[in-house]
Amino acid sequence: MDVLLDIFASANFWAAAIRIATPLIFGVLGALICERAGVLNLGIEGIFVAGAMAGWLAVYLGAGLWGGVLIAALAGALFGLLHAFLTVILGLSQHVSGIGITLLATSASYFTYRTTLPDVSSPPRIAPFQPIAVPGLSDLPFIGPALFQQTLLTWLALVLVAIVAFVLYRTPLGLAIRAVGDNPASVEAQGLSVRGLRIGAVVIGSALMALGGAFLTMSAFDAFFFGMVNGRGWICIALVVFASWQPGKALLGALLFGAFDAFQIRLQAEIGQVVPGQVFLMMPYLLSILALVLVARKADYPRALLQPWTKGQRH
Amino acid sequence: MSLRLDPREHAPLFLRLLVSLVAGLAALLLVAIPVMAAGANPFEAYLLMAQGAFGSMFALSETLNRATPLILTGLAAAVAFRARLWNIGAEGQLYMGALAAVMVGSGFLQLPAPLAIPAIMLAGFLAGGLMMVIPAMLKQRFGADEVVITLLLNFVVILFIQMLIEGPLKDPLAMGWPQSVPLVAEARFDKLIPRLRMHWGLIVGLVAALILWLMVKRTVLGFEIKAVGENKAAARFAGIPVDATMLKVALISGGLAGLAGVSEVAGVKGYLSADLSPGFGYSGIVVAMLAGLSPIGSVLAAIFIAAVFVGADSMSRATGISNYLADLVVALSLLCVLVGGFFLRFRLRWQSRQEA
């Protein structure tokens, strides 16, 4: 028990939890916006890879860090546009298109990396985002190190939670986005474009997903590795269901997940001699499956999720 | 004049074949852009790819060797997608099948070859099938989405495999490499032609395609799968046991992916390692979609995808262009055939204003 207490009482543990949660916050927010508008975006896993690669490569080739973030978001938006074209305009299977986007974004990223850097044996590094110390606040006991070891990208993620929640629940645009995923006929009756809103949501959502990837190469690490996304995108898709498609709960879910992951890493250090490491590494995936199974019955899926829309359609 | 979309009731066979063919070609043509970006001549690259995939008996054998697991994972996806069961977990099911083959076939059962080979195939089929039956049951009991669960299980399975081959199943004679104890000689698939790598797994794949084709066309289960896939509510109303059908589909789909794992272990490697499959499970989805979910078509699509991989490897060695080009072709094929599906569902017609 002492071991557990030591872990939870350490500020480093909470700092790690927030760090692990950050890419998931971006990813869950992105997936949430897409799904709220009625479009499942399984391209997320590949868009993470594309964001991670594009952002990192831009910085490596001389762009500033924020330039890299912008490039990552643009790469995500571009793949989102393709997904929107296939699923919203042509009305094709969201499942298959999403898997296709994941395969395309992943292979395009790997190909670009290999083509741009043909002769590197170990991944080259960039100077990543640094934690920002706030004079005074950083010196607070416990909270100081937990919150103020984070980089600006983590703060961006937290601010985005508030922005997305505000837009979704407090603005006419948010009302329209929510309606377009629940009852598109009502949106059309208002004279708004169902397809336009959906395309916009998928593009913006995909850009946010790419930021989750960019965080990995530009803040959590300082290089791009093959396979570094490692299912984080899929975990986000499970977390969205867990969060009932609400930004606040999405933040909570991502933080819980981050805390659990940080916990298992520390537990591994304590009891790793008796239990194989893979058992710990499986935990995030098993936890996501468990979360999905537990909430599935009560899950309030957007009612028009997966359903394409043609103008003037009647039910 | 304006362009109008008329829904089609049924797309003729030649049109479906044409869509798949055009999709594959379009994907190949599209990668001319990255090839040129990498500073090479696309025509030269295509020629090298074709030679690498079909240019010699050795090349052909390598292509068919690569196609073998893809036929099986392609069939796995095809049968599931027909019933609208989204099995994206073929990668994990493949590894579970391979694991079962190694557990049964590495010597603790002393069986002659005519019994050992069916035994490892049955074990692999059941292990792979179980990996899909579980998510299918979670869907029925709890309403949990099978897409995300099968995707996440892929990661769980590969870690489980790593744990076993670094632990209890580790081969003490492998000089420290994390790989399992080998299959006994009786449980290995023979080569089809001496000195070439293609093996009896190919025959397993072809027979599986044939059986699946007969099942789809001629059996009650085939009809039930079609009914469930087209409209679940209507199928239930018509008295079709929807849940039981789904579980059967899950078992068959996962089982076929498991067989792909058996085939790779028994026909190629001889032991289980964590790099047994370079994404055969995911490529299987592309195979099935390119095949229009047809079992016979899956064989042809698997050979196409395999040729792309083998050809790109060979082209890469000659030109230095990254062999991730093959993955690009595969991804683009999937998206192109998806767009092609649009033309199968709708007929484009020009019409004059008066008609409208």
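## How confident is the prediction?

Let's begin with chain A. Its mean pLDDT is 91, and 98% of its residues reach at least 70. Among the elements of chain A, helix H3 (residues 44-60) comes out highest, with a mean of 98. At the other end sits helix H6 (residues 143-147) of chain A, whose mean of 72 is the lowest.

## Two helices that cross in chain A

Now take a look at helix H7 (residues 152-170) and helix H8 (residues 172-182) of chain A. Their axes are 5 Å apart and the packing angle is about 80°, so H7(A) and H8(A) are roughly perpendicular to each other.

On the H7(A) side, the residues involved are Val167(A), Leu168(A), Tyr169(A) and Arg170(A). They meet Leu173(A), Gly174(A), Ile177(A) and Arg178(A) of H8(A). Sorted by class, this contact has 5 nonpolar, 1 polar and 2 charged residues.

## Where chain A touches chain B

The contact between the chains draws on 35 residues of chain A and 39 of chain B. On the chain A side, helices H5 (94-116), H11 (232-242) and H13 (277-296) each put in at least two residues. H5(A) gives the largest share, with 13 residues. By class, that side of chain A holds 24 nonpolar, 9 polar and 2 charged residues.

## Annotated stretches in chain B

An unreviewed UniProt entry marks "transmembrane region" at several places in chain B, including residues 92-109 and 147-165. In the model, residues 147-165 of chain B are 100% helix, with end C-alpha atoms 28 Å apart. Residues 92-109 of chain B are 78% helix and 0% strand, and there the end C-alpha atoms lie 25 Å apart.

Technical notes:
Residues numbered from 1 in each chain as written. Chains lettered and ligands numbered in written order. Predicted model: local features only at pLDDT ≥ 70, side-chain atom pairs only at ≥ 80, totals over all residues. UniProt positions renumbered as here; feature names shortened; annotations may be inferred. Helix = DSSP H or I, 4+ residues; strand = E, 2+ residues; numbered from the N terminus. Contact = placed C-beta atoms within 7 Å. Nonpolar A, V, L, I, M, F, W, Y, C, P; charged D, E, K, R; others polar. pLDDT = per-residue confidence, 0-100. Axes fitted to C-alpha atoms, helices over the stretch in contact; angles between N-to-C directions. Parallel < 35°, antiparallel > 145°, perpendicular 65-115°, else oblique.
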